[in-house]
Amino acid sequence: MEDGMTEKQISILLAAIELFSEKGYDATSTSEIAKKAKVAEGTIFRYYKTKKDLLFDIPSTLSKSTLFEIFLDDFNELWKNNHKSFEDFLRKLILNRKIFVSETMPILKVIIQEIPFHPELRNRILDTVIFPTVNKFVIVIDKFKEQGEIINIPSTSIIKLIGTSVFGYFFLHYVAIPTLSNDEEDLEYLVQYIMNGVRANNTVKNNNLQE
């Protein structure tokens with residue numbers, strides 16, 4: 001967590017993340033958060049004026065924390081590496097995100113649950129996570145398009161299609177039905193599913209998209 005946070009504030013934030021993840025934001029009271037954090041309820045309002053401020057501090061704190069630095073550092077390593085092919089890059093990307101998602105699921109679950117109801121929260125996530133990631137992803141996509149490995153459609157469209165497939169897979173396995181099997185073979189199927197859609201050797205599809 002952020003260096004400037006007190007132990008009590010960290011406890012409050014962690015308790016809120018756990019309870020929001022288990023019960024949802026609306027069903028969680030500040031008294032429950034205080035009890036779980038082992039602080040007086042008034043202590044919460046010393047740091048946060050409202051429960052909504054506490055919710056909004058989750059992505060903000062994440063963006064300043066070691067966790068977020070790991071998120072970006074891992075991605076930076078992916079961008080820096082000279083990958084043999086786009087398929088090699090995609091495979092490493094999916095495995096990398098699987099590890100991140102499995103380690104941070106309570107936080108991600110809170111964000112996924114609450115984004116539809118809080119535009120400010122969505123904007124904060126877009127600014128701190130999504131836009132920086134997409135900008136770097138475009139560079140990788142453009143590189144492999146120039147090399148003729150993937151179809152020549154807008155890079156942002158390719159990113160949205162890949163993101164939808166990967167997010168859908170992780171959502172199903174970690175949020176909707178966590179009891180489903182989630183093994184390396186499934187991840188390889190996901191890689192091949194995506195590659196069948198973006199591989200440049202499908203010239204008929206590529207030509208139709210350009211007409």
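This note sets out numbered points on the predicted model shown above.

1. Basis of the values. Residues are numbered from 1 along each chain as its sequence is written, and side-chain values use heavy atoms, with hydrogens and water left out. Since the model is predicted, local features need pLDDT of at least 70 and side-chain atom pairs count only at pLDDT 80 or more, whereas totals for chains, interfaces and linings use all residues.

2. Overall architecture. The protein has ten helices and zero strands, where helices (H or I, at least four residues) and strands (E, at least two) are DSSP runs numbered from the N terminus. The order along the sequence is accordingly α-α-α-α-α-α-α-α-α-α. Of the 211 residues, 42% count as buried; buried here means under 20% relative accessible area, exposed means over 50%, and partly exposed lies in between, with a 1.4 Å probe and protein chains only.

3. Contacts and surface. Among contacts (heavy atoms within 4.5 Å) with a separation of 6 or more, 65% involve residues 24 or more positions apart. The accessible surface comes to about 11800 Å², and 55% of that surface belongs to carbon and sulfur atoms; the areas come from the Shrake-Rupley method with a 1.4 Å probe, and for residues only the protein chains shown count as cover.

4. A nonpolar patch. Leu-172, Ile-177 and Leu-180 make a nonpolar surface patch of about 220 Å². Patches are made of residues with over 30% relative accessible area and no salt bridge, like charges being joined within 9 Å and nonpolar side chains (Val, Leu, Ile, Met, Phe, Trp, Tyr) within 5 Å. Ile-177 belongs to the loop between helix H8 (155-176) and helix H9 (184-198), and its relative accessible area of 37% makes it partly exposed.

5. A search of the whole structure finds seven aromatic pairs, a pair being rings of Phe, Tyr and Trp (its six-membered ring) with centres within 6.5 Å, counted as stacked when the planes are under 30 degrees apart, edge-to-face when over 60, and tilted for the rest. The ring centres of Phe-86 and Phe-89 are 5.9 Å apart and their planes stand at 35 degrees, so this pair is tilted. Both residues lie in helix H6 (residues 86-114), three residues apart, or about one turn of the helix, and both are buried. Together with Phe-137 and Phe-144, Phe-86 and Phe-89 form one aromatic cluster.

6. Salt bridges of Glu-87. The structure holds six salt bridges, defined by a side-chain nitrogen of Lys or Arg within 4 Å of a carboxyl oxygen of Asp or Glu. Glu-87 meets Arg-91 at 2.8 Å, N to O, and these two residues are four apart in helix H6, about one turn of the helix. Glu-87 also forms a salt bridge with Arg-199, with the closest N and O atoms 3.3 Å apart. Arg-91 is partly exposed at 30% relative accessibility, and Arg-199 is partly exposed at 21%.

7. Asp-88 and Lys-92 meet in a salt bridge at 3.4 Å, N to O, and are four residues apart in helix H6, separated by about one helical turn. Asp-88 is buried with a relative accessible area of 13%, whereas Lys-92 is partly exposed at 38%. Salt bridges that share partners join Glu-87, Arg-91, Glu-188 and Arg-199 into one network.

8. Lys-38 has a positive phi of about 60 degrees although it is not a glycine; Lys-38 is found in the loop between helix H2 (30-37) and helix H3 (41-47) and is exposed at a relative accessible area of 77%. The charged end of Lys-51 sits over the ring of Tyr-25, 4.4 Å from its centre, the criterion being NZ of Lys or CZ of Arg within 6 Å of the ring centre and within 35 degrees of the ring normal. Gln-9, in helix H1 (residues 7-23), counts as buried at 14% relative accessibility and touches Tyr-47, Tyr-48 and Asp-57, not counting residues up to four places away in sequence. Leu-161, in helix H8, is exposed with a relative accessible area of 52%.
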